[in-house]
Amino acid sequence: MTSKVNALGWAVVVGMAVLLEAPSAPAQTSWLFSPYEVKVWPALDRSWDADGAWAGKIERTVRDCCRMAAGATWRLEWSEPTPDVAAQMLRDPTGVSPTKIEQLLGPDRLATLDKLILLAVKRVPEGVQVEACEWDVRTQQFGPVIARTCLQPAAVPWTCGQAVLDAFRPLARIDDVTGSTAILRFRAAGLAIEEPEALLARPEKGWVLSAVIRMNDRYGKPRPGGIRPVEWTLLVVRDWDGYKCRADVHTANRAYLGFRASSRVDRFALVERPIWPETQLVLRSRDESERPLAGYDIYAKDPATEQTEYLGQTDWRGQITIKPHEGRVRVLYVRSGGMLLARLPLLPGQTPVAVGRLTDDAKRLQAEALVRSLQAAVIDLIAQRELFAARIRFLIREKNFDEAQQVLDQLRALPTVTDIRQRIDRGRQETNTDNPKIQAIIDKMFVDIQQFVIQRLDPSLIDRLAVELAQAQRSSN
Amino acid sequence: MSYRIATTFDGADASQTGKCRGNAGPGPLRLRSWLCLTRLAFAVLFGLGHGVSHHVFGQARADSPGSEEPLYQQKPFDVLVLKRDGSRHKIVPLDVPMRRVVPQPGGFLRFRLLSDPAEELVVAWNDVERVELFEQLVLAEARRLIADKQFNEAFRHLLLLVDKYPHTEGLNETLDEYLFARAADDASAKRWSQALSHLEELYRRNANYQSASGTTVLAAMSGVVANLSSEYIAKEDFRAARRLLARLSSTYGEERLPALAQIRQQLVRIAQQRADRAKQLAAENRLREAQQEVQQALAVWPRLEGAFELAVELIKRYPVVTVGVAQQAATADRTALDDWAARRVGYLVQPSLVEFLGPGPEGGHYRSPFGKLDRSDDYRLLALQLPIRSDSSEPRPTAYDISHMLVELADPELPGYVPQWAELLQTVRADGMWRVEAALRRPYVLPEALLRQPLAHCPSGAAWEERMRVFRQSEAEGRLVFVRQPSHSSSRGTGPAEIHELPYNDTRDAIDDLKRGKILVLDRVFPADAVKLLNSSDESLVIRPYAVPTVHVLVPNYDHPYLANPTFRRALIHAIPRQLILERLYDGKPVAGCRVISAALPAAGRPGDASAYAYDESLPEQPFDPGLALLLLGIAKQQLKVAAEKAQQTPPDLEPLVLAYPDDTVARFVTAIIAEQLQRLEIPCRLQPLESVANGSWHLRYVALTIEEPLADVVRLFGGGGIAPSPNPYVQLALRRLQEAGSWREVRRRSQELHQVTYGDATVIPLFQTVEFYAYHKNVHGIGDSVSSLYQNIAHWQIEPHITVEE
């Protein structure tokens, strides 16, 4: 009895432990210590492999490559997609719809799968083109299409293997973000014991990751529209301690990663690599018109060295080319006139085009232009007035009253404080905007210039000089 | 009359002179008195003579001839030669009638020594050997010098005689001898012109002169003339030879100078040879060379029979126009804003998609050589209608070709990329074979202004460029030559077959050559000369203003710390006497349209000038005020100091500004004054020709801009990659806003905004605007009354044959 009770008790305890641990222990354990579940869908162009002879070779070679490179951190599955999906893959792997993928995989497999790699092999005029593209199941994000061209058919299997490995993007979970530091745990990091596996699962210093937020329903499935890449946010691996990895956060807005991790919100990060020769940064206005923002100054700062470089201005399309910088993140500073508008972290080459949406600064800049030109006009006016005043006083001392009167008339003909203030008012009207924040900035500028004018331009100068002249004339008479 | 008795002489007692013995009694007083008187007189005279001799001798020693100064430079004197010892004594020139000395035996000669003219002396004529008059001495000296071949000195002596002593005996003969001797000397040294000149003078004086050797003056002249003309002909200075021949023929005639006939025959023979060669070349269709030969034939002998008619015929068949230019073009670029010469030549050799004809009430007038341009009322569509039928059987571009050109101009990968056009162009459609429509993304009032691009700038256009090009450049020494393509023969046959551009450093020489017909057209008349021509009554020339004024500015190099400061730039504006420079350019009388400006934009030349839509007249031109300039300079220095302290750097020193200028008369003139004025205000500045300045190492660059269409051209001026790219974001914003203007009202307002921004920023240093002039001979027609560039209407030029021969 006692043994039965003990056994039952242990069973209960173990069962409770299992149940209690079920949400976390399997997640933590499976996250770190279970391998990536990777499925490869191959699509071979029948005009190239009519008899299917290459299919087997490619599969074997890909498996070998993955075994060599990933070792225990991957569990690879190989299955052919449906013909329609295969056809789409041959046209454009990223054109395969996620819905179709989910449909084909089924919910059970979806729950356990980490990565789906679409591998397409097709004939091109130059030879054989291999394209591999990863679809990350958790974040439902396509990775970049890795394309390789082979001249020799015999090189195709090996190329496929390399393409599959290159298309793979290690996945990490963002456990915490404090200030500009994020704590990450990489998938299957616990299995990356030996060096070769470290290439794929074990993090490296300087790895750049993009962030994705996933909001789930109570069943753990993503809510409609609940998966969202965090724009203009990059994490750069700094160091790690065991399975905990620290990364620097570079973001346009700290609130982007502000979601707290909870049972319903997951934050993930995917490793990114520059595969394009350059990235076109495109700036557009945030409003409905999506106007290209031309003429904005772009500076790039290397967070590692803190060196800043002026890259140029956006052209009429709002575009500027950003070249890769030793594979490192560059923080782009967007300035308009004297004002910093945005800080945009970018990994040049990660994507061919990166679109930044900013508030259109034209009105503020226009106001600033007006204010600056008014400032210049006021400086010149002050100088002229002082000069004329000095001349008048000199002429009065020399008792040359006629010429003094002429200079006084010239002084009167100069713009007055009222004239300047009218220009300020006109400028204010021309630079009205609907954006309250911008309007506040513009209003402040005009207030400042108005005060500048009031402080610097003495409205009584002319009258005083006229009185001096009159007195001198009387004394002389 | 008083006279002095010499006090020192040999053997004579002073008491014996001048006074009688006192013991003479009353006896025969008269006799004794007479004797006494006689003895007294004798003693006096003897004593005087002796004493005077001594005295004068003593003096004469001091005044003896043999002084080193030439006679003609000495004070005139006569020479008294005494019989007694032949001594020569200089005396004050005798005041005798007609300067003829007539001895009076038994009488006395009164004279004064040259060394002591105060005392009058007397000598008996019996004691006088002779008196040598000064003029005779000079004449003798002249003769000696002539014999010695010291002609210059001889001439000076003779000149004195001619001037002061014209009646000197023997003077005329001596003069004749001098002239002949001199001519002979010149001839022996082969100085034929001088020899002739002397012989002609001799002939005038004495037509019958014959030398000692028997040579007459005419015979000598004939020989000299023959040699002189041979020299001219050898040097091919036929004009001089002809002039010589004409003059001598009219003065002397061939009978008196037989050499003249030979010269004439020789010239005619040479001219005929050339005319024959010209005919041969014409027969071989080598018309340009034939023209050169016949021109040379006429240069040798203008009255050669048939030569003039041959020249006229050749000109009609192959008109060659020589154009005087102030600056030779280094390249051809009809779109150049800042290179007058390149723009001019570009019109000849760079056919373009669209051409600017001239300013109009709303922007410029444009045309396309391919067809008719049309714009929609909403400014969103530009169409080009090509002619459906053509008289020529030559292949011509279709709408598809033009469409390709329009698309290629919007391709950033191609060298002819026009960013403004790329921004605007939405779609291009070929509506059939002969109509192209370009739809724009947004309204733009003058899209054709963006298409003033050479065909060579786009691959599709380059394929047609060779066919469209009317002239091609050819090589020649010292000038640019453009030859009409055979496929583009002038429709009326009298358009230029060749254009020669002849550079001139001094436009006054160009104007002289224009008047003489050596050149037929003058591209750019120096302003002061233009004023003179406008006011002259010379009806053989036509002078006209160009349609677009020239805007003169200084472009600052923003790498210079001071020039990057707007206050310093404004100081420079106030430091330059722009109105004064403008007046000096036009000799005090600037023509209408010339004015000081406040921005690098064309200003109104007259009230209501709609072409100056970009210029804000409400902004006053900054006055010349050195005091204000110095004040602003001080403020700028202070600003730089504060900025340097903030950045923990040393404030920059004001290093000398390098002012670069192109090789152009106006540029040299203007920049010299600017540099001098800046130096006076202690703003160090030195001038340097632009071609000698390494790229970017100038601080200020003088630029003369031709802004045909401000709306489109300001981007090429201030935009990235422009002539004066501005780092100022406000300027860039103003440029963008201007490009986004969708109506003429917005264009005017926003371009004036640009003016205001550049005014306050002093983005460039504006100087003034000038009206340029071109001039041409009345025999040239079709140039046009107010063109924007000289060769704008080259296809319509007609040349009346005009041959200028310098007699």
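## Hairpins in chain A

A:N216 stands opposite A:P222 in β10(A). The two strands concerned are β9 (residues 208-216) and β10 (residues 222-241) of chain A, which run antiparallel and are joined by 7 bridges. Strands here are DSSP runs of E with at least two residues, helices are runs of H or I with at least four residues, and both are numbered from the N terminus. Two strands count as paired if DSSP finds at least two bridges between them. β9(A) and β10(A) make a hairpin with 5 residues between them, and in its turn A:G220 has a positive phi of about 85°.

β10(A) is also joined by 8 bridges to β11 (residues 244-251) of chain A, again in an antiparallel arrangement. In that pairing A:D241 lies opposite A:K244 in β11(A). This hairpin has 2 residues between the strands, and A:G242 takes a positive phi near 70°.

## Basis of the values

The model is predicted: local features need pLDDT of at least 70, side-chain atom pairs count only at pLDDT 80 or more, and totals for chains, interfaces and linings use all residues. Residues are numbered from 1 along each chain as its sequence is written, chains are lettered from A and ligands numbered from 1 in the order in which they are written, and side-chain values use heavy atoms, with hydrogens and water left out.

Over all chains, the search finds 84 salt bridges, each being a side-chain nitrogen of Lys or Arg within 4 Å of a carboxyl oxygen of Asp or Glu. One of them joins the side chains of A:D114 and A:R138 (2.3 Å, N to O). This pair links distant parts of the chain, 24 residues apart: A:D114 is in the loop between α5 (107-112) and β3 (115-124) of chain A, and A:R138 is in the loop between β4 (127-136) and β5 (141-142) of chain A.

## A sheet in chain B

Chain B has an open sheet of 6 strands with mixed pairing, in the order β19-β23-β18-β22-β20-β21. Its edge strands, β19 (595-596) and β21 (685-689) of chain B, each pair on one side only. Within chain B, β18 (residues 550-556) and β22 (residues 700-706) run antiparallel and are joined by 7 bridges; B:H552 is opposite B:A704 in β22(B).

## The contact between the chains

The contact (heavy atoms within 4.5 Å) takes 26 residues from chain B and 21 residues from chain A. Together the chains bury about 2,000 Å², 61% of it on carbon and sulfur atoms; buried area is the accessible area (1.4 Å probe) that two parts lose on being put together, summed over both. B:Y730, B:L733 and B:R736 supply 28% of the area that chain B buries against chain A, more than any other three residues.

Which residues meet in a salt bridge between side chains at 3.2 Å, N to O? They are A:R291 and B:E740.
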